[in-house]
Structures are given as structure tokens and as C-alpha cells.
Amino acid sequence: MAKPTNPRWRQAFDALEKPLRERAEALTSTEEFSRALMLLFGAATTVRRGARGASTDLLHLANLPAHADLRRLARQVGALENKVESLSAELGRVARLLEQGGGERQKRSVK
Amino acid sequence: MSVEATAPDALTIIRREVERNALRARNGLKYLTGARFVRSATTPRDLVWQHGKSQLWRYRSDRVTRRPPIVVYVGLVGRSYVFDLYPGNSFVRKLMDQGFDVFVIDWGVPDEVEARNTIATYTLELLPRAIDAVLEASGEHEVTILGYCMGGCLTVASLGAGTEMPVKSLILAAMPTDFSKMGEFFGPLRSGSLDPDSIIDETGNVPASLVRTSFRIRKPTSDLVVYANLWQNLWNDQYMEGFQAMNEWVNDQVPFPGAAFREFLSEWLIGNGLVNGTLRVGGRRVDLGRIRCPVLCMIAEKDDIVPIAAAEPLPALLKNAQVQTVRLPAGHINLVTGRLADQVTIPSMVSFVNHHAETRAA
């Protein structure tokens with residue numbers, strides 16, 4: 001069965017999009033473009049950090065906790081949680097090993 | 001051509017267009033109001049292990065006929081629901097239909113808590129623990145691993161660093177290996193001329209928006225094409241289901257944990273450690289010669305994220321493994337989604353897994 005042809009508007013769109021895509025890809029695939037993009041992101045991050053820093057200072061002046069303090073707390077709680085999870089996993093593993101060892105000892109004593 | 005012969009055709013066309021425009025209006029409104037055409041990740045599953053935000057899911061199946069279980073995961077910046085996009089287009093469901101016991105690892109969405117996670121956190125700690133949990137839940141003593149994209153990098157780094165995971169066979173799909181061939185986008189990072197800290201945000205991670213932009217910039221007119229396709233197919237409910245699920249996943253990147261990113265930059269991008277044999281994880285040297293299980297390398301020929309040149313050196317680096325390479329006429333994502341996954345990816349995997357099951361039994 002023949003593939004249905006695209007409507008005219010779509011054919012026109014494709015005809016326009018192809019050269020546009022080729023030019024845009026030629027531009028965006030350069031190292032210079034990538035550098036500019038990352039510098040832009042970097043600048044935005046710096047501005048955001050500066051604004052956050054200023055708001056943190058203001059909140060601290062009023063003796064109030066800032067977002068940065070909450071993040072630090074979240075990080076500490078998360079680290080603690082991970083440690084507890086690791087310890088309980090390790091304990092579970094040791095308990096299983098002990099159980100297996102106990103089983104082996106029982107088998108040996110029956111023999 | 002007579003007028004009598006064309007009149008009914010013209011009427012049919014007009015009727016069809018009127019119907020389609022009514023459907024377009026309905027679906028357009030539905031889409032604009034954010035209503036769901038379909039839900040992602042609906043295949044029934046159970047959480048069998050969790051550490052921090054990392055989770056291991058087991059998919060419920062009473063038709064498991066193949067051993068060992070298969071564990072599937074992506075890398076650190078993608079969401080794992082790509083494997084269970086929506087009913088009718090679920091890689092997990094297709095694997096289950098083939099008799100596999102399927103487990104999926106989701107690394108979670110990092111925030112300030114995960115900012116200090118290194119590559120070693122994932123390769124030497126979380127992955128081996130998740131595999132232990134798979135063995136415990138399934139009662140098996142081996143697994144098959146499918147590492148997709150950067151998930152493959154995590155797997156070879158883990159095994160190459162000497163973790164003792166009982167991997168019976170390994171499938172590495174669209175895995176970047178030679179990072180010098182990953183395209184000019186990574187140029188400023190690769191040359192070391194850009195300070196990584198300049199793109200790490202206040203949570204300590206590379207923001208998801210930058211990760212998303214880095215993917216979208218490769219096809220700068222893709223948004224225009226997406227909307228043209230959307231208008232053309234807006235009347236089609238089935239198309240809208242696929243469009244919504246896929247579009248959501250494509251735009252749903254997660255932040256890259258800051259410490260892992262710095263390490264990824266120095267060891268993988270700048271050092272090109274896999275190809276140069278200089279890769280270190282958590283202070284351990286990664287020796288790909290340690291990988292001795294059968295490996296299936298799946299290379300997507302139309303991959304615009306991991307170019308063929310970046311993927312194809314992998315088989316030669318796995319010196320001590322029995323490697324089978326398949327090149328598929330697929331893009332990066334449709335390796336695991338859509339008809340191509342049905343027709344090409346899954347049959348290749350099943351044949352590989354079966355082949356090694358048979359040789360082992362002989």
C-alpha cells in the first residue's frame with residue numbers, strides 16, 4: 001500500500017525546516033556555541049548564588065533560618081539516614097551469615 | 001476524470017476532515033488543560049530495596065520461565081520509567097512477556113543530600129547492594145544486567161573495579177565509550193577550559209535544565225517539528241498517548257550529582273579513561289579485562305546522543321569477554337521504545353540470553 005502523502009502545509013513546513021535545521025545544527029554543534037551556552041548558565045548560576053547569599057545574610061541579620069540552612073540540615077539528615085540504612089543492611093547481612101553458620105553447625109552436629 | 005467520479009471522493013475527504021477537526025479540538029483542549037491521555041509506569045511492581053533515593057522495583061509476573069532475572073537501569077540523568085512508558089509501549093512488559101523476571105533500578109532525583117555522591121557511590125556501593133537485593137528477592141544466584149546508555153558505563157566501571165557481582169551475562173545498550181567522539185557540545189568541558197563549579201547550582205548539582213538543554217541543543221529545530229507532528233496527528237488518540245508519554249520523558253531529566261559530575265568530567269570526559277585505560281573509581285583502577293561474562297553490545301546506528309564513533313570501540317576493550325555486537329537501525333531512545341524494541345532489540349536480547357543459557361547447560 002502506498003504511504004499516504006503529507007498535506008501541503010506539512011510539505012511546505014518540511015521544505016522550510018530542513019535548511020533551517022541544517023544551519024542551526026551547524027551553529028549549535030560548534031565548540032564556541034557550547035562555550036557561550038555554558039558561560040550563560042554559569043553567569044545565571046552566579047547571579048542566583050549572589051541573590052541567595054544576600055537574602056541569606058538578611059535573614060540571618062533578623063536571626064531567621066535561610067534556605068541555605070535548611071539545605072545544610074537536609075544534607076546532614078540525608079547523610080545520617082544513609083548511614084542508618086547502610087548499618088541496618090550490614091546487620092541484616094551479618095544476621096543471615098550467622099543463621100547460615102548456625103544451620104551448618106547444626107548439620108555437622110547431626111552427622 | 002469526470003465530476004461524477006470525484007464528487008464522492010471530495011465528500012469523503014470533507015467528512016474526514018470535519019471529523020478530524022472535531023477530534024483535534026477535543027484533544028487539543030485536553031492537552032492544553034494538562035489532562036492525561038495515558039499514564040506512565042503502570043505495570044504492577046513492588047519495591048524490593050531502597051537506599052536513599054535509589055530504588056529497586058520488581059515487576060509482578062506469574063509467567064517467569066527464564067533464568068536468571070534481568071536487572072535494567074539507565075544512567076544518572078534519565079528517569080527509569082522510559083522502560084515502562086505506557087500500556088502498549090512498555091519495554092518491561094515485553095521482557096515479561098518473554099518470560100523474564102524483571103527488576104528496574106531507579107537512581108532517584110538527586111538534591112542537596114546526593115550532591116556529594118561520587119561515581120563510586122553508585123558503582124561500588126549502590127549497584128552491588130541492589131544486585132544483592134535482586135538475588136535475595138528472586139532466590140537466584142546470578143543476574144543478567146542491561147545497562148542502558150550511562151547505565152552501561154556504571155556497570156563496566158563497577159565490574160572493572162573488581163566488585164564481585166554474579167553477572168551471568170551483560171547487555172550494554174547505546175553506551176558511550178570513547179568520550180572524545182561525543183561531539184563538540186562537550187568540547188569546552190573536555191578541553192578543561194570551563195570550570196565545572198560554574199555550572200553547579202546551590203544544591204551542589206548540575207541543574208536538570210542544563211542537562212535538558214544539552215540534549216535539546218543537538219536538534220535545535222526539534223520543538224518545531226514536534227509541534228508540526230502534534231498538529232498533524234492531534235486527531236489521533238493513539239498518537240497522542242505516545243506523544244504525551246514520550247514528550248514528558250524527554251523533558252524529564254534529573255540533576256547530575258555535583259561530586260559525580262566533577263569525577264565524570266575529569267575521569268571520563270577529559271581523561272577518556274575507558275579508552276585510555278586510566279579510569280579510576282573510588283581509588284580503584286578500572287580494568288575492563290576483569291569482565292569475563294558474555295557481553296552483548298547494542299549500538300544504535302541513528303543515535304544522536306551517543307554517536308556510533310563513541311559507542312563502537314567498546315567490544316574491542318572487553319578483551320576477556322565473549323562479546324557479541326549488534327548494530328540496530330535505531331535512535332538512542334527507540335532502542336527500548338516502540339515497534340523497534342519489539343522487532344529488533346528484544347529478539348536480539350532474547351537470542352543472546354538463550355544462547356548463553358544453552359552453552360552453559362551443555
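Student: Which domains does the domain assignment of chain A give?

Tutor: The assignment divides chain A into domain 1 (9–64) and domain 2 (65–111), and such bounds come from an automatic or database domain assignment. Six residues of domain 1 of chain A and four residues of domain 2 of chain A make up the contact, where two residues are in contact if their C-beta atoms, placed from the backbone, lie within 7 Å. On the side of domain 1 of chain A that touches domain 2 of chain A, the residues divide into two nonpolar, three polar and one charged; here Ala, Val, Leu, Ile, Met, Phe, Trp, Tyr, Cys and Pro count as nonpolar, Asp, Glu, Lys and Arg as charged, and the others, Gly among them, as polar. The C-alpha centres of the two domains lie 43 Å apart.

Student: What should I keep in mind about the model and its numbering?

Tutor: This is a predicted model, in which local features need pLDDT of at least 70 and side-chain atom pairs count only at pLDDT 80 or more, while totals for chains, interfaces and linings use all residues. Residues are numbered from 1 along each chain as its sequence is written, and chains are lettered from A and ligands numbered from 1 in the order in which they are written.

Student: How many helices and strands does chain A have?

Tutor: Chain A has three helices and zero strands, and from the N terminus on its elements run α-α-α; helices (H or I, at least four residues) and strands (E, at least two) are DSSP runs, numbered from the N terminus. Of the 111 residues of chain A, 2% count as buried, a residue being buried if 20 or more other C-beta atoms lie within 10 Å of its own, exposed if 12 or fewer, and partly exposed in between, with C-beta atoms placed from the backbone.

Student: How many residues of chain B are in contact with chain A, and which elements supply them?

Tutor: The contact joins 25 residues of chain B to 28 residues of chain A. On the chain B side, α5 (187–190), α6 (208–216) and α7 (222–233) each supply at least two residues, and α7(B) gives the most, with four residues. The residues of this side of chain B divide into eleven nonpolar, nine polar and five charged.

Student: At what angle do α1(A) and α7(B) cross?

Tutor: Axes are lines fitted to C-alpha atoms, for helices over the stretch in contact, and angles run from 0 to 180 degrees between N-to-C directions. The axes of helix α1 (residues 8–28) of chain A and α7(B) come within 11 Å and cross at roughly 175°. The two helices are therefore roughly antiparallel to each other, since angles under 35 degrees count as roughly parallel, over 145 as roughly antiparallel, 65 to 115 as roughly perpendicular and the rest as oblique. R10(A), F13(A) and E17(A) in α1(A) meet L224(B), V225(B), A228(B) and Q232(B) in α7(B).

Student: What is the strand order of the open sheet in chain B?

Tutor: Strands of a sheet pair through backbone hydrogen bonds, either parallel or antiparallel. Two strands count as paired if DSSP finds at least two bridges between them. The open sheet of eight strands in chain B has the order β1-β2-β4-β3-β5-β6-β11-β12, with mixed pairing, and its edge strands are β1 and β12 (323–328), each of which pairs on one side only.

Student: How many bridges join β1(B) to β2(B)?

Tutor: Six bridges join strand β1 (residues 45–51) of chain B to β2(B), and the two run antiparallel. Q50(B) stands opposite Q55(B) in β2(B), and in the hairpin, which has two residues between the strands, G52(B) takes a positive phi near 60°. Strand β2 (residues 54–59) of chain B is mostly covered, with five of its six residues buried. β2(B) also pairs in the antiparallel sense with strand β4 (residues 102–106) of chain B over four bridges, where I105(B) is the bridge partner of L56(B).
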